[in-house]
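Morning, everyone. I have one structure to go through today, and I will keep to what can be read from the coordinates.

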Amino acid sequence: MQNRKSSVDELIALILTGIEDVKGHDINILDLREIENTVCDYFIICNGTSNTHVNAIVGSVQKTVSKAIHDKPWHVEGSDNAEWILMDYVNVVVHVFQKHARTYYDIEGLWGDAKVTSIESSFNQ
């Protein structure tokens, strides 16, 4: 069990690195483990400023994770319009939004019982 926990922690750290490498905004981690009937353990949510930026964030996450631990998302959805791209790494699901779509869908509000950790960016927005 400890190995699974450390591998999830490593995956989360790599995803955060991928997001920060291309200056993803407003990064939150939602811990869903204490909520019944969830499809995964964590959501990582962030937003970009345009379709191009959202696609760049997704590409950076995929490249960073693949290079370090040779893992790839089980499924990716939303790449066509790049307003909301979902990357499913099974235990961790990454949501990359444009700001207006993030506000509209309000994932953090829908999962209000989750423990939320906001990640401070290492760059000025």
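Predicted model: local features only at pLDDT ≥ 70, side-chain atom pairs only at ≥ 80, totals over all residues.

Glu108 is buried, at 18% relative accessibility. Its partner is Arg102, and the closest N and O atoms of that salt bridge are 2.5 Å apart. Arg102 is buried as well, with a relative accessible area of 10%.

How many salt bridges does the structure hold? Three. Another of them joins Arg33 and Asp31, at 2.6 Å from N to O. Here the two ends fall into separate classes: Asp31 is buried at 14% relative accessibility, whereas Arg33 is partly exposed at 42%.

Then there is Lys99 with Asp26, where the closest N and O atoms are 3.9 Å apart. The cut-off is 4 Å, so this pair still counts as a salt bridge. Lys99 belongs to helix 3, residues 99-105, and Asp26 to strand 1, residues 25-31, so the contact ties together parts that are 73 residues apart in sequence. Lys99 is exposed, at 51% relative accessibility, and Asp26 is partly exposed, at 33%.

Next, the strands. I will begin with strand 5, residues 92-98. Seven of its seven residues are buried, so the strand is largely enclosed by the rest of the structure. That holds for both faces: Val92, Val94, Val96 and Gln98 are buried on one side, and Val93, His95 and Phe97 on the other.

What does strand 5 pair with? Strand 2 runs parallel to strand 5, with seven bridges between them. One point of contact you can look up is Tyr42, which has Val92 as its bridge partner in strand 5. Strand 4, residues 84-88, runs antiparallel to strand 5, and five bridges join the two. In that pairing, Trp84 has Phe97 as its bridge partner. Strand 4 and strand 5 form a hairpin with three residues between the strands, and Val90 there has a positive phi near 70°.

Trp84 and Phe97 come up again among the aromatics. Together with Tyr104 and Tyr105, they are linked by ring pairs into a cluster. The count for the structure is four aromatic pairs. One of these is Phe43 with Trp111: the ring centres are 5.5 Å apart and the planes are at 85°, so the pair is edge-to-face. Phe43 lies in strand 2, residues 42-48, and Trp111 in the loop between helix 4 and strand 6, so this pair ties together parts that are 68 residues apart in sequence. Phe43 is buried, with a relative accessible area of 6%, and Trp111 is partly exposed, at 25%.

Tyr104 and Tyr105 also make an edge-to-face pair, at 4.9 Å centre to centre and 90° between the planes. Tyr104 is exposed, with a relative accessible area of 65%, while Tyr105 is partly exposed, at 39%.

On to helix 2, residues 51-69. This helix has 19 residues and reaches 27 Å from its first C-alpha to its last, close to the 27 Å expected at 1.5 Å a residue. Which of its residues are buried? They are His53, Val54, Ile57, Val58, Ser60, Val61, Thr64 and Val65. These residues cover an arc of only 160° around the axis, which puts them on the same side of helix 2. As background, an α-helix has 3.6 residues a turn, so residues three or four places apart point the same way. Turned away from the buried side is a face that carries the exposed residues Thr52, Lys63 and Lys67. After helix 2 comes His70, with a positive phi near 55°.

Last, the cysteines. How many disulfides are there? The count is zero. Cys40 is in no disulfide, and the nearest cysteine sulfur, that of Cys46, is 15 Å away. Cys40 is buried at 4% relative accessibility, and Cys46 is buried with a relative accessible area of 0%.

That is the end of my list. I will take questions now.

Definitions and conventions
Residues numbered from 1 in each chain as written. Heavy atoms only, no water. Salt bridge = Lys/Arg side-chain N within 4 Å of Asp/Glu carboxyl O. Helix = DSSP H or I, 4+ residues; strand = E, 2+ residues; numbered from the N terminus. Buried < 20%, exposed > 50% of the residue type's maximum accessible area, 1.4 Å probe, protein only. Expected span 1.5 Å × (residues − 1). Arc of directions from axis to C-beta. Disulfide = S-S within 2.5 Å. Phe/Tyr/Trp six-rings, centres within 6.5 Å; stacked < 30°, edge-to-face > 60°. Pairing = 2+ DSSP bridges.
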